[in-house]
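The stops below are given in the order to select them.

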Amino acid sequence: MSVVKSIELVVPKEVYLAGSDIDGQLVLTLHSTLVDPLVKVELIGRGYLEWIEETNVEKDYSQPGTCVNKADYVHKTKTFKIERNWLGPGVHTFDFHFVLPPRIPSTFTSRVGRICYFLQALCATRELILGKLKKYIMVQGTSVFSQDTVESEYPLVVEVRKALLYNCCFHSSPITVRLSLDKSIYAPGDDIGFTMEITNETGKSIKKVVFALHSVVLYKAFNLRAERRTLEQREEMVRLESHVANNPCEVTKIHSIISLPKVMPVSSCCKSDDIMDIGYELTATVHFPWCMSTVAAKIPIIIRNVAEPKG
């Protein structure tokens, strides 16, 4: 029977903001006396990417190659001082305190990569590990966007105009789609309010409008020859459908709301040396029952989270 009956990590919060404090307890329960123990807690944050790419695709043969990258965001250790260098049987509680770095990314998981943070508790002697426990924590990253960047690169309104053919391609009339946001910057957990205005000059009906919020992630890694590689992936986060009345209407307005997750990666404010850059995009697509064409408008979404000032 092991000397260690149980080992537990207790933290008060489910989500921690980058730059914030982590206060918790290591609760160690022993069956019998433990002499010369090593008791510690580690805070670790890591990121890892991996995907397979085809090489020599322009030739008659191709060979898959692995692209990988990794990052270490935090690694801190608290080793507890044991009085008299022994612990008796029963319950022992150790308090620990860590401070997260202010510029670390959010917890993230996809088919290509992962960013995770965890606490790891260890009880050992010089010869043997007696107890070990890992506890994952959720971290919300922070970011800063200047107002000049927002105004110059991120519009609040986009407009798309497209001519559609109908009646065996003998007639064409334009459709104008105008998509607007209620504000320029959002935080995790916010509601994105948006309005779509459709000016329909075809005299024909609209079938439905589909709204989708996508994350656009640029992964950055290296192949086995140490050559830099990138991979861009779009993932649909939220999808809404709005069915429009069958009778033709020249101007149609739709207002809707999409709720953001409470923990999510923030938008990358500039190209960085990190393992990934992340952006968001809201797309509104108009579908018609009388032709195969669609009209789509896309508008970038900024997700920003600002650290709260301490004390």
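Select Thr-285 and show what surrounds this residue: beyond its neighbours within four places in sequence, Thr-285 is in contact with Lys-208, Val-209, Val-210, Thr-294, Val-295 and Ala-296 (contact means heavy atoms within 4.5 Å). The model is predicted: local features need pLDDT of at least 70 and side-chain atom pairs count only at pLDDT 80 or more, while totals for chains, interfaces and linings use all residues. Residues are numbered from 1 along each chain as its sequence is written, and side-chain values use heavy atoms, with hydrogens and water left out.

Thr-285 is buried, at a relative accessible area of 16% (buried is under 20%, with a 1.4 Å probe and protein chains only). Strand β19 holds Thr-285 (strands are DSSP runs of E, at least two residues, numbered from the N terminus).

Now select residues 276–287, which make up β19; this strand gives the most to the lining of the largest pocket, three residues. To find the centre of that pocket, select Pro-105, Thr-142, Val-266, Ser-268 and Asp-274, the closest to it of the 20 lining residues.

Next, select residues 21–30, strand β3. Seven of its 10 residues are buried, so β3 is largely enclosed by the rest of the structure.

Look for Leu-30 opposite Gly-90.

Conventions. On a 1 Å grid over the protein atoms alone, a cavity is a set of points where a 1.4 Å probe fits but cannot get out, and a pocket is an open set with protein on both sides within 12 Å along at least five of seven lines; lining residues have an atom within 4 Å of a point. Helices (H or I, at least four residues) and strands (E, at least two) are DSSP runs, numbered from the N terminus. Buried means under 20% relative accessible area, exposed over 50%, partly exposed in between (1.4 Å probe, protein chains only). Two strands pair if DSSP finds at least two bridges between them.
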